[in-house]
Amino acid sequence: MKKVLFATENESKKKRFERELQKRNIEIITLNDIEKKLEIEENGKNAIDNALIKARAYAKISPYPVFAMDDNLYIEDIPEEKQPGMFVRRVNGKRLNDEEMIKYYTNLAHTYGKDGKLTCKWVYGIAVINHNTESTYSWSKEDFYIVDKPSNKINPGYPLNTISINKKLNKYFTEITEEEKKMIKENELDVIEFIYKNL
């Protein structure tokens, strides 16, 4: 089994890719599995830039290939100064925990949304570094709603899934089954193949 370091401490992010990569004989380890943690300033212009910044930093100290990802959130009909972009967890200079994020974004939906709903879009960037070779990939998740009423089911590490509704299924992200993910093609196999191909 080939090991790869995913430059994150978020175990939910690990689970997102773990099963499909294991089928391809790749084991993901995270920053929780290594002793050395780095202080990294993510000051890129977009998700790809920030993914590269993280991957490059950890590639210097890791004996394994490294991949990192970042995401940007865009929300319609809110004031420009409230647009999260790259700073989904950081509001007014403060890093929000899961509970604070749910509270902050439900309040945005309540204040600016139509019937408590805001139309949103995720844009993702991923970077893989293997033997000094850098590869990047970007993708986006179709428009969805952030709403002012949370689901009863919480996904630790992905708090916005608790208040996000898929437009096609009209279901909270936390309540979508694996079968439904396949049906709406949200299994991210293109991302898995990109990681696998570059390791």
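Student: What makes up the accessible surface of the protein chain, and how much is there?

Tutor: Happy to start there! In this predicted model, the accessible surface of the protein chain comes to about 11,300 Å². Carbon and sulfur atoms account for 45% of that surface.

Student: How many of the residues in the protein chain are buried?

Tutor: Buried residues make up 46% of the 199 residues.

Student: Which elements is the protein chain built from?

Tutor: The protein chain has five helices and nine strands. Read from the N terminus on, their order is β-α-β-α-β-β-β-α-β-β-β-β-α-α.

Student: Where does Lys 114 lie?

Tutor: Look at the loop between helix H3 (98-112) and strand E6 (117-130). The C-alpha atom of Lys 114 is separated by 17 Å from that of Lys 82, which is 32 residues apart from Lys 114 along the chain.

Student: Why is Lys 114 called exposed?

Tutor: The relative accessibility of Lys 114 is 69%, and exposed means over 50%. Lys 114 is past that cut-off, so it counts as exposed.

Student: How do you know that Glu 18 and Lys 14 meet in a salt bridge?

Tutor: Check the distance: N to O, it is 3.6 Å. The cut-off is within 4 Å, so this pair qualifies. Both residues sit in helix H1 (residues 11-23), and because they are four residues apart, about one helical turn separates them.

Student: Are Glu 18 and Lys 14 buried, partly exposed or exposed, and what decides which?

Tutor: Lys 14 has a relative accessible area of 13%, which is under 20%, so Lys 14 is buried. Glu 18 is at 22%, between the 20% and 50% cut-offs, and therefore counts as partly exposed.

Student: What makes the contact of Glu 178 with Arg 19 a salt bridge?

Tutor: The closest N and O atoms are 3.3 Å apart, and that is within 4 Å, so the pair passes. This pair links distant parts of the chain: Glu 178 is in helix H4 (residues 178-183) and Arg 19 is in helix H1, 159 residues apart.

Student: Why is Arg 19 called exposed, while Glu 178 is called partly exposed?

Tutor: Arg 19 has a relative accessible area of 51%, which is over 50%, so Arg 19 is exposed.

Student: Which residue meets Lys 149 in a salt bridge?

Tutor: That is Asp 148, with 3.6 Å from N to O. Lys 149 counts as exposed at 56%, whereas Asp 148 is partly exposed at 21%.

Student: Which residues do salt bridges that share partners join into one network?

Tutor: The network is formed by Glu 20, Lys 23, Arg 24 and Glu 193. A search of the whole structure finds 14 salt bridges.

Note on methods
Residues are numbered from 1 along each chain as its sequence is written. This is a predicted model: local features need pLDDT of at least 70, side-chain atom pairs count only at pLDDT 80 or more; totals for chains, interfaces and linings use all residues. Side-chain values use heavy atoms; hydrogens and water are left out. Helices (H or I, at least four residues) and strands (E, at least two) are DSSP runs, numbered from the N terminus. Buried means under 20% relative accessible area, exposed over 50%, partly exposed in between (1.4 Å probe, protein chains only). A salt bridge is a side-chain nitrogen of Lys or Arg within 4 Å of a carboxyl oxygen of Asp or Glu. Accessible areas come from the Shrake-Rupley method with a 1.4 Å probe; for residues, only the protein chains shown count as cover.
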